[in-house]
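Colleague: I would like to go through this model with you, one question at a time. Please show it first.

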Amino acid sequence: MNYFVEAFAWIADPAHRTGPDGIWTRLGQHLAYTLIATGAAALIGIPLGYWIGHTGRGKGLIVGATGAARALPTLGVLTLIALFTGVGVGAPLAALSVLALPSVLAGAYAGLEAIPAPTIDAARAQGMSEWQLLSRVEIPLGLPHLIGGLRSATLQVVATATLVAYVGGGGLGRFLFLGLKTQDYPQMLAASFLAVALAIAGEICFAVLARIAGRRHHALSNR
Amino acid sequence: MNWLVNNWPTVWQALWSHLLLAVPAIALSFVLSVPLGWVAYRYRWSRFVLVTGSSLIYALPSLPLLVVLPAILGTSVRSSLNVVVALTAYGIALMVRSTADALAAINTDTVTSATALGYSPIKKLFAVELPLAGPGLLAGIRVVAVSTVALVTVSAVLGIPSLGTLFTDGFQRGIIAEIITGIVGTALLAVLVDRVLVAIGWLLLPWARGRS
């Protein structure tokens, strides 16, 4: 129990909060990694997932990507890219985006795939163009699945961003590795608590988002 | 390839350490999840708590969890016990839901017939429900196995040996071949463990053969 008290004391210490190596800076870096990497993954994954879901072409890519993502060791991808690009923010961003992509892709695709065929047929029968079908029927109905995909992607990135400090990229993991090197267990514990708190905060945000999307989805289906 | 040939003993050692962390975690998460999943399936009130609670575990980042566990378990940061416990927790997080879903997917008529034939709840579980849920359980544990094998590598940054050590060592010494060996080795090990599970399923579930 003593360690927990020390860890919270470490977080509570104002000296650890501000400055270039303070909690706020590292938290900001951690959040920036998460937003940029998930954003990049969304930019590629959503259009690609919609294209596959709409046309039904390249379904094998989804199966392959999600399977590979599960088996791919994140630390391996991170260290490999870091060796190629050198220490800095580039390697972590590239690695995190690669890791986030399969979840986003699968979410976008699954949303379209889950729509019952009669719904699509009905939309076509009403004379909707492919573009109208996608924008007015498929995207709104697929939203809950897409949010689910973005949720797992963000979760994965928030968690993996802790490892980024291993290749010199900063983030909350910085405190963890600093503590590991100096045998300062309370500091490692404090960093872990902060990372866990951030992950849980992310979960809550997405739970709220999913609830809002679910309600809209419900309203749409009953129209 | 040269690196692999020259350092084969290192890789072999890492492979075994990796298996010794992954296999107990996979086995434990199966053994613990089946009863928990059954409770979630049998008692409606517990489903929310168990399924939501276990998915919350999955939201915990792995490296911080590996750091927090020693404080709870009283182990050292470099103890492999932390890794087994953490991986088992992640395995349970995935597997409780799979178990509850697999049991819920059984045709209710079949279960009702068993009840009508006078099967006690325990006999019904072992003679009807679990065998019929078998393929679903197998699918669940295969997902757990693949993600567990990949997750083990994270513990290398704390100094716990596994194939992940090839990443940390390769990164520090700038050997790209070592990191690639680690990635390929982890993926191959995941495939191997998956194949073994499929084989076990083929032996234990003869009634499901040819269907999946």
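Predicted model: local features only at pLDDT ≥ 70, side-chain atom pairs only at ≥ 80, totals over all residues.

Colleague: Which pattern does chain A follow when read along the sequence?

Modeller: Chain A has zero strands, and its helices number nine. Its C-alpha atoms fill a box of roughly 70 × 40 × 30 Å along the principal axes. Read along the sequence, the pattern of chain A is α-α-α-α-α-α-α-α-α.

Colleague: How many helices does the secondary structure of chain B come to?

Modeller: The C-alpha trace of chain B spans about 70 × 40 × 20 Å along its principal axes. From the N terminus on, its elements run α-α-α-α-α-α-α-α-α. With zero strands, the count of helices in chain B is nine.

Colleague: Within chain A, is the crossing of helix 2 and helix 5 left-handed or right-handed?

Modeller: Helix 2 of chain A covers residues 23-55 and helix 5 of chain A covers residues 90-113; their axes come within 6 Å and cross at roughly 35 degrees. The crossing of helix 2 and helix 5 of chain A is right-handed. By class, the residues of this contact are 21 nonpolar, five polar and no charged. To end on the term asked for, the crossing is right-handed.

Colleague: How many charged residues are in the contact of helix 2 of chain A with helix 7 of chain A?

Modeller: Helix 2 of chain A and helix 7 of chain A (residues 130-160) pack at about 145 degrees, with axes 9 Å apart, and their crossing is right-handed. Among the residues that meet are Tyr33(A) and Ile46(A) from helix 2 of chain A, and Glu130(A), Glu138(A) and Leu146(A) from helix 7 of chain A. The contact of helix 2 with helix 7 of chain A has 13 nonpolar residues and five polar ones, and its charged residues number two.

Colleague: Is helix 4 of chain A roughly parallel or roughly antiparallel to helix 9 of chain B?

Modeller: Helix 4 of chain A (residues 74-85) packs against helix 9 of chain B (residues 176-204) at an angle of about 160 degrees, their axes being 9 Å apart. An angle over 145 degrees counts as roughly antiparallel. Therefore helix 4 of chain A and helix 9 of chain B are roughly antiparallel.

Colleague: Which residues in helix 9 of chain B meet helix 4 of chain A?

Modeller: The crossing of these two helices, helix 4 of chain A and helix 9 of chain B, is left-handed. By class, their contact has eight nonpolar, two polar and no charged residues. Helix 4 of chain A brings Gly76(A), Val77(A), Thr79(A), Leu80(A), Leu83(A) and Phe84(A), and these meet Ile176(B), Ile179(B), Ile180(B) and Ile183(B).

Colleague: What is the area buried between chain A and chain B?

Modeller: The contact takes 33 residues from chain A and 36 residues from chain B. Arg70(A), Leu83(A) and Tyr166(A) supply 20% of the area that chain A buries against chain B, more than any other three residues. Carbon and sulfur atoms give 84% of the area buried between the two chains, which is about 2900 Å².

Colleague: Which residue forms a salt bridge with Asp101(B)?

Modeller: The whole structure has eight salt bridges over all chains, but across the interface of chain A and chain B there are zero. In one pair, the closest N and O atoms are 3.3 Å apart, and Asp101(B) is one partner. Asp101(B) lies in helix 5 of chain B (residues 80-104) and its partner in helix 3 of chain B (residues 44-58), 54 residues apart. That partner is Arg47(B).

Key:
Residues numbered from 1 in each chain as written. Chains lettered and ligands numbered in written order. Heavy atoms only, no water. Axes fitted to C-alpha atoms, helices over the stretch in contact; angles between N-to-C directions. Helix = DSSP H or I, 4+ residues; strand = E, 2+ residues; numbered from the N terminus. Parallel < 35°, antiparallel > 145°, perpendicular 65-115°, else oblique. Left-handed = near helix turned anticlockwise from the far one by under 90°. Contact = heavy atoms within 4.5 Å. Nonpolar A, V, L, I, M, F, W, Y, C, P; charged D, E, K, R; others polar. Buried area = accessible area lost by both parts, 1.4 Å probe. Salt bridge = Lys/Arg side-chain N within 4 Å of Asp/Glu carboxyl O.
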